[in-house]
Amino acid sequence: MKFRIALALSLASCLSVVRSTTRGIAAEPPTIKTTTVLNGLDNPAAVVNRPGTNELFISESGAGQVVRMLTDKPGAVTPVVTGFAVAAAPGGLGFQVGPLGIAFIDRMTFAVGGGGTGAGHDLLKIYPLPPADKPLKADDARQTLGPIPAGADDQTNEGFFYGVATMPNAIFVTSRGGDSPGWVSRAFVLDNNGKAADLKSLIKTKAIAAGAGPTGLTVSKRGELVVGESGPFDKPHDSSISFYNPKNGKLLLTMRTGLSDVMGLAYCPHSGNLYAVDLAWSDPKEGGLYRLDATRQDGKTGVKAIKIASLDKPTALAF
């Protein structure tokens, strides 16, 4: 399966969206313009901006590598880390996965979540930024965190580290684990060089938010951990987003979105609005980029998903 990167352009921001195929986009509203800037990727799973630069880092999951693209030189990538293990995606989805989530700890250090070795064996790896012409091998990690095997409290073998997000003192990862609970795990950052303690399970999301497993992950301006919880891929309109206290894992708020498979979440740095991409595996016509607007009805906080652009199986987004 070959995929591409598209840019959704507005007056205020530039939004990079990882998605599949080369079909046209029915953009809504008409002020949004989308431009394909990179084709032919093998199952990209994450796209992140290196802080303070024009560099996009992309986990080309099916190819077992992380690549870099300059936003002022679209269409060309250079490898950053190669040689990740690749295996069939869980749940019989019919494609291969290797590296999944990416997040920068600082401008020179980044973390990559693995998904190619299987639940109970997948790792989170921390890398120093290599020179542009000298890519690292997957085994060249500065530090390796995990794996997280099955344990107490109904915990399954954790793996498939799809979402990765960082705060000044911690790294968070989502994991769909086995067929039972999904989890959010945390590793505390111990020093200014990005060294971290090992991963520890923090939140059993399925028991709290009634989702089949956490996927997308971001951090709000208030410092809350925001988690997209996607139900089974063959079941529509069952995704939720939940807000958690990152210190103790306590649920602060959970809301149904009406979307099917929320895979990526990101806040616009200009407006502060929260955006999501919906994979919509069971009905690709519903797939796309959405703005998630807060609502208030009968004294309860909710969310309304506003479709910004139609996309075919989008998996990640970054401003």
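A polar contact is a pair of N or O atoms within 3.5 Å; within protein, one must be able to donate a hydrogen and the other to accept it, and residues adjacent in sequence count only if both atoms are side-chain atoms. This is a predicted model, where local features need pLDDT of at least 70, side-chain atom pairs count only at pLDDT 80 or more, and totals for chains, interfaces and linings use all residues. Numbering runs from 1 along each chain as its sequence is written, and side-chain values use heavy atoms, leaving out hydrogens and water.

Start with E224. It sits in the loop between strand 19 and strand 20 (225–230); strands are DSSP runs of E, at least two residues, numbered from the N terminus. Its side chain makes polar contacts with two side chains: S220 at 2.8 Å and R222 at 3.0 Å. Is E224 buried or exposed? Buried, with a relative accessible area of 15%; buried means under 20%, exposed over 50%, partly exposed in between, with a 1.4 Å probe and protein chains only. Beyond four places in sequence, E224 is in contact (heavy atoms within 4.5 Å) with M167, T218, V219, F243, Y244, P246 and L252.

Next, the cores. A nonpolar core is a set of buried Ala, Val, Leu, Ile, Met, Phe, Trp, Tyr and Cys residues joined through side-chain atoms within 4.5 Å. The largest has 16 residues. F57, V66, V81, F84, I102, F110 and Y127 touch the most other members. Strand 4 (44–49), strand 7 (78–82), strand 10 (99–106) and strand 11 (109–114) each give two or more residues. Another core lies apart, with 15 residues, including I105 and F161.

Technical notes:
Helix = DSSP H or I, 4+ residues; strand = E, 2+ residues; numbered from the N terminus.
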